[in-house]
Amino acid sequence: MGAPRRSMAAAALIGIAVMAAVDEIVFHQILGWHHFYDRSTPAIGLLTDGLLHTAELLGLVAGFAWWADLRRRGMLAGGHAWAGVFLGAGGFQLFDGIVDHKLLRLHQIRYDVPDLLPYDLAWNAAALLLLGIGAALTVRANRR
Amino acid sequence: MTHHHGAGAGGRLLATAVVLAAVAAYLAGAARLRGRGDAWPRHRDLSFAAGGALIAVAADGTLPGGPFTVHMLQHLLAGMAAPVLLVPARPLTLALRALRPGGPPRRALLAAARSAPARWLTFPPVAAVLDMGGLWLMYRTPLLAAAHRHPALHALLHVHIVAAGLLFTFAVCQLDPVRHRRGLPLRAVTLLLAGAAHAALAKSLYAAPPPGTAYGLSDLRTAARLMYYGGDLVELALAAVLAASWYARAARAAGRPIRTGPPPPSQAGPRRLRPEGAGGEGG
């Protein structure tokens with residue numbers, strides 16, 4: 001893997017973890033929209049949630065260690081790293097919106113509303129926007 | 001109040017005495033090293049003493065919250081946070097360097113560290129199963145309810161939580177010299193799976209109390225959240241230890257001058273002299 005690809009992968013790990021942290025802090029803690037535990041969550045969902053949650057934490061640390069290592073070797077490609085952050089963040093958001101909320105039914109975006117659809121659409125549209133920015137930054141970084 | 005938690009006045013006193021003795025021995029060992037001109041970073045003294053203090057606070061048992069929340073705080077402080085402070089202080093390395101070469105205490109310690117049981121117990125998946133398996137038994141079987149009726153069993157559970165937490169942290173961090181060194185991927189995957197089991201167990205407690213117990217709903221939920229997010233902090237700390245040792249090793253591989261601590265002593269164990277996974281000779 002060349003330096004640009006590595007920079008992108010390390011930064012994507014950080015992007016995933018940052019988005020996961022935003023989800024945890026903003027939607028679980030501050031807004032209180034997401035529930036800690038949803039009674040309709042199947043057991044497999046509980047285990048998967050534990051696995052994904054822990055993987056995000058370890059990914060954050062691994063991403064920063066990898067990033068720091070690339071940086072001290074002078075191998076960090078800045079443009080690709082930023083692209084990686086957005087691709088990671090958007091990828092996580094989309095995964096969370098489709099797999100966590102809809103397939104595993106870990107929890108919904110919000111509970112006390114009559115129609116969830118606008119929330120789901122906004123959530124996944126935000127994911128596509130982040131992915132779009134990541135893709136644009138990748139193209140720009142590759143041109144240089 | 002907190003009458004069930006902590007193993008009675010005698011148990012509390014004993015736990016505090018053991019912790020004090022361990023911290024005193026650690027500080028004496030570090031002082032001996034410095035007295036003869038060896039380097040031993042001060043922050044390790046601080047880390048070890050802080051870990052000891054956490055166990056003492058947990059053993060004292062006068063913590064805020066309902067009974068299950070107090071129990072969970074104790075489990076987090078003594079079984080998870082304290083080991084993360086004690087183990088990175090490298091107590092085994094210190095003991096092997098401070099004890100007189102050739103003396104019986106040092107020989108016994110070295111023999112124990114290199115014994116077959118130690119080798120198995122410090123195999124990360126085994127340590128993880130002992131730690132997380134113990135928690136699953138405690139919270140998902142009537143064990144905790146039985147412990148409320150039998151003080152001796154309760155004391156044993158507390159001892160197990162601390163011992164298994166120390167063992168797990170020791171096996172995953174692998175900072176002290178052990179005979180069979182395990183690779184980073186195995187230790188990282190073990191940490192991942194153990195963290196997942198801990199998080200899933202915490203969420204399951206939110207929905208259903210340990211069988212046979214009658215904790216209040218808000219007590220149960222506070223404890224479950226505490227376990228989940230407290231576990232996160234400890235996992236982050238453990239991951240940071242692994243990442244820092246990987247970072248230092250990557251620098252060594254690149255031939256840069258690094259090293260914050262003292263060089264490993266010649267007799268403290270075959271650190272890095274042996275290729276990883278070269279265990280198994282002699283059985």
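1. Contact here means heavy atoms within 4.5 Å. By that criterion, and leaving aside residues up to four places away in sequence, B:Phe68 touches B:Tyr139, B:Leu144, B:Leu205, B:Pro210, B:Tyr215, B:Asp219, B:Leu220 and B:Ala223.

2. The model is predicted: local features need pLDDT of at least 70 and side-chain atom pairs count only at pLDDT 80 or more, while totals for chains, interfaces and linings use all residues. Residues are numbered from 1 along each chain as its sequence is written, chains are lettered from A and ligands numbered from 1 in the order in which they are written, and side-chain values use heavy atoms, with hydrogens and water left out.

3. B:Phe68, B:Tyr139 and B:Leu191 have the most contacts inside the largest nonpolar core, which has 45 residues. Such a core is a set of buried Ala, Val, Leu, Ile, Met, Phe, Trp, Tyr and Cys residues joined through side-chain atoms within 4.5 Å; buried means under 20% relative accessible area (1.4 Å probe, protein chains only). Helix 11 of chain B gives the most to this core, with 11 residues; helices are DSSP runs (H or I, at least four residues), numbered from the N terminus.

4. B:Lys203 lies in helix 10 of chain B. Because its relative accessibility is 6%, B:Lys203 counts as buried. Its side chain forms a polar contact of 3.2 Å with that of A:Asp49; the term denotes a pair of N or O atoms within 3.5 Å, and within protein one must be able to donate a hydrogen and the other to accept it, while residues adjacent in sequence count only if both atoms are side-chain atoms.

Technical notes
Buried means under 20% relative accessible area, exposed over 50%, partly exposed in between (1.4 Å probe, protein chains only). Helices (H or I, at least four residues) and strands (E, at least two) are DSSP runs, numbered from the N terminus.
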